[in-house]
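Please look over the sequence and the structure shown below before reading on. The report that follows takes up pockets, cores, ring pairs and strands in turn.

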Amino acid sequence: MDFRAALLDQTRTFGELIASNDPETPVPTCPDWTLKQLFRHVGRGNRWAAQIISERRVSPLDPHEVHDGKPPDDPDAAIEWLNTGAAQVLKSVDQIGTDARVWTFLGPKPGGWWIRRRLHEATVHGADAALAVGADYSLPPELAADAVSEWLEIATAMATRRHAEPLALGVSVHLHATDEGLGPTGEWTVEHDEDGLGWSHSHGKGTVALKGPAQKLLMAVTRRGKAADLGLEMFGDTATWDAWLDRTPY
């Protein structure tokens, strides 16, 4: 998958959706935010990541110290600001090299790690914007599936920093995408075994299992919709799924 092209494309789509609607529209899936605030969050986030990369930072960057972190008031200029920020992420990676390591909230990673992270920030917040205005929202299955994988990487890595494990020892969650052509990349098993919490693209029954299109699985796992409302099939212990969601906020 071309993460670079997808980042630019998803950012552009996100901006167009917000530009065509009232910026003061509330965003139910991001409580207390409006479309304007969501727009600023995504746009500044790209510039934040680009600055971390370009400065080869080994420590966090205060969001208030991001260069040009506030969008212009003019709507057309604001869209240009948004799209330029996404391009800056790519430019910064090219400047230092894809493999040069920089700070991330998961520890030092190659600078190129941020491209995929910012891409899926745009995919999920694009869904937030669409849900807020009642617009149709569609992702290619392979992109939605990769967003699920990326989120599971983050959720399992962050779980060790939380007070409550999202899965008890011996418990597992299985997700199965029904889209054609995904193969192993359309299945995920998260389990807590003697080695700790981890995930893989393996087939398994799971203490609880969800089945349906990759995009709907993404909406469920990032808490953008309830499994039943999304039309997903669920098998097994629903309490396990509820606990997973409660302890892995996006």
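## Two pockets

A pocket is an open set of grid points where a 1.4 Å probe fits, with protein on both sides within 12 Å along at least five of seven lines, and its volume is the space filled by probe spheres set on the points. In this structure, which is a predicted model, the second largest pocket has a volume of about 390 Å³. It is lined by 16 residues, and those closest to its centre are Pro23, Lys36, Phe39, Pro72 and Ala78. Helices H1 (3-19), H2 and H3 (75-96) each contribute at least two residues to the lining of this second largest pocket, and by class the lining residues divide into ten nonpolar, one polar and five charged.

The largest pocket holds about 580 Å³ of space. Its lining is made up of 23 residues, and the ones nearest its centre are His41, Arg117, Glu121, His125 and Tyr250. Helices H2, H4 and H5 each supply at least two residues of the lining of the largest pocket, with H4 giving the most, namely five residues. When the lining of the largest pocket is sorted by class, eleven residues are nonpolar, five are polar and seven are charged.

## Nonpolar cores

The largest nonpolar core consists of 58 residues, and the members with the most contacts inside it are Trp48, Trp114, Leu175, Trp188, Leu210, Trp241 and Trp244. Helix H5, which covers residues 141-159, gives the most to this core, with ten residues. Another core lies apart from it and has 15 residues, among them Leu17, Phe39, Ala78 and Trp81. Phe39 and Ala78 have already been named among the residues closest to the centre of the second largest pocket.

Trp81, a member of the core of 15 residues, is found in helix H3. Why does Trp81 count as buried? Its relative accessible area is 6%, and a residue is called buried when this value is under 20%. Between Trp81 and Ala100 there are 19 residues in sequence and 26 Å in space, taken from C-alpha to C-alpha.

## Aromatic rings

How many aromatic pairs does a search of the whole structure find? The search finds eight. In one of the pairs, the rings of Trp48 and Trp114 have centres 5.3 Å apart and planes at 85°, so this pair is edge-to-face, a term used for planes over 60 degrees apart. The pair links distant parts of the chain, since Trp48 belongs to helix H2 (residues 35-54) and Trp114 to helix H4 (residues 113-133), with the two residues 66 apart.

Trp114 also pairs with Trp113: these rings have their centres 4.9 Å apart and their planes at 85°, so this pair too is edge-to-face. Trp113 and Trp114 are both buried, and Trp48 is buried as well. Through ring pairs, Trp48, Trp103, Phe105, Trp113 and Trp114 are linked into a cluster.

## A strand hairpin

Strand S4, which covers residues 187-193, is joined by five bridges to strand S5, which covers residues 196-200, and the two strands run antiparallel. They form a hairpin with two residues between them. Within this pairing, Glu191 stands opposite Gly198 in S5. Trp188, one of the residues with the most contacts inside the largest nonpolar core, falls within the residue range 187-193 of S4.

Conventions: Residues numbered from 1 in each chain as written. Predicted model: local features only at pLDDT ≥ 70, side-chain atom pairs only at ≥ 80, totals over all residues. Heavy atoms only, no water. Pairing = 2+ DSSP bridges. Helix = DSSP H or I, 4+ residues; strand = E, 2+ residues; numbered from the N terminus. Core = buried A, V, L, I, M, F, W, Y, C linked by side-chain atoms within 4.5 Å. Buried < 20%, exposed > 50% of the residue type's maximum accessible area, 1.4 Å probe, protein only. Phe/Tyr/Trp six-rings, centres within 6.5 Å; stacked < 30°, edge-to-face > 60°. 1 Å grid on protein atoms, 1.4 Å probe; cavity = no way out; pocket = protein on both sides within 12 Å on 5 of 7 lines; lining within 4 Å. Nonpolar A, V, L, I, M, F, W, Y, C, P; charged D, E, K, R; others polar.
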